[in-house]
Amino acid sequence: MRDAKRIFVLSLVASAGFGSLAGRAAERPTPYGESLARLVTTEWLQDHLNDPDLVIIDAQADVYDYLNEHIPGAVYLSDQALRAPEHGMPVRFISPQAVETLFSRVGISNDKPVVVYTGKGALNGTGDGLAQTMVAYTLVRFGHNRVYVLDGGLDKWTAENRPVTKEFPRLQAGSFRAQERPCPITTDQLRNLMDRDDVIIIDARSTKAYEGQAVWSRGGHIPGAISLPWRSLMADDNPALLKSDAEIAALLKKHNITPDKTIVTYCGTGREATNPFLLLKCYLGYPDVKLYEGSFTEWCANPDNPTVVGPNPK
């Protein structure tokens, strides 16, 4: 069992060539620390269920799964509420003003810690595990400083026979104020980065989508991007649970993903890419990680943007 002091093994940091992180990691006995988003265990959350300032967000895919069971005190927030069409593009983040209204409505303030979790869904089984990283990334993107992601989500929680309820929490409105961080990059910024030797572009979609078998107007991937499906980072039986430290270390070493590089993550619409973004930027502390939010949907919309079909980056 992973204990409440879960940190990635220092061998991972050493193999990545980022020795200074090892010292910081050794000083992280609790989820509270300098990173904007942290992993927490089920043990930690149960111990803190009664913390008066803690806001717990249930981001299950279907509200009926929330109605069926949720962690005591959790308020429901679908990650689908965070984006909407804009200028014809199907998914764009809602405005900072809309974010303020939405987050305040579920009790979030800038100075109060927030735990986010999701699950496969006991009734409908439609949860893919990404909702918790999507909500957590949005909180970080718009200026929250104390975001916690439940490693393993609701499925790990219930497998351990921890308490669930059908009762709704009594919440007071929060006072969230959006302060946008420079997490995302634009298409033009990506074009300026993509040919540099010190830049790694990660395509977080499935291997089939990366190679060309997908729904977009053009197949393939952005030139130079490596394939690192977000699902390969997660446990086989739980898409909300990170793989073991050793497995994560091996994947990063295989692709030479080191903290001395500028890292850009993307996927189909920007949602899958939140998973490796949080892993690298927040959990591991890589200093220069960006997310191309428009992702392959926006890239393909411009016929002047080249694509590559097949298993090779270029």
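Biologist: Which side chain does Glu293 join through a polar contact?

Modeller: In this predicted model, the side chains of Glu293 and Tyr137 are joined by a polar contact of 2.6 Å. Glu293 itself sits in the loop between β13 (289-291) and α12 (295-301), and, leaving aside its neighbours within four places in sequence, Glu293 is also in contact with other residues, among them Phe93, Arg141, Pro184 and Thr269.

Biologist: Does Glu293 count as buried or exposed, and why?

Modeller: Glu293 counts as buried, because its relative accessibility is 15% and the cut-off for buried is under 20%.

Biologist: How should I read the backbone angle phi, and what is phi at Asn161?

Modeller: As a general idea, most residues other than glycine have a negative phi. Asn161, in the loop between α7 (153-159) and α8 (187-193), has instead a positive phi, near 60°. Asn161 counts as exposed because its relative accessibility is 72%, where over 50% is required.

Biologist: Where is Asn256, which also has a positive phi?

Modeller: Asn256 is found in the loop between α10 (245-254) and β12 (262-266), and its phi is about 55° although the residue is not a glycine. With a relative accessibility of 44%, Asn256 counts as partly exposed.

Biologist: How many cavities of 30 Å³ or more does the structure hold?

Modeller: Rolling a probe the size of a water molecule over the atoms shows where empty space is left. Here the structure holds 4 cavities of 30 Å³ or more, and the second largest cavity has about 90 Å³ of space.

Biologist: Which residues line the second largest cavity?

Modeller: Its lining is made up of 14 residues, of which Thr133, Met234, Leu242, Asn275 and Tyr283 lie nearest the centre of the cavity. The elements giving two or more residues to this lining are α6 (131-141), β11 (238-242) and α11 (274-283), with α11 providing the largest share, 4 residues.

Biologist: What is the average pLDDT of the chain?

Modeller: The chain averages a pLDDT of 89, and 89% of the residues score at least 70. Over residues 1-33, however, the pLDDT is below 50, although this stretch has 65 contacts in the model beyond near neighbours in sequence. Where pLDDT is low, the predicted coordinates should not be read in detail.

Methods:
Residues numbered from 1 in each chain as written. Predicted model: local features only at pLDDT ≥ 70, side-chain atom pairs only at ≥ 80, totals over all residues. Heavy atoms only, no water. pLDDT = per-residue confidence, 0-100. Contact = heavy atoms within 4.5 Å. Buried < 20%, exposed > 50% of the residue type's maximum accessible area, 1.4 Å probe, protein only. Polar contact = N/O pair within 3.5 Å; in protein donor to acceptor, adjacent residues only side chain to side chain. 1 Å grid on protein atoms, 1.4 Å probe; cavity = no way out; pocket = protein on both sides within 12 Å on 5 of 7 lines; lining within 4 Å. Points joined across faces, edges and corners; volume = space filled by probe spheres on them.
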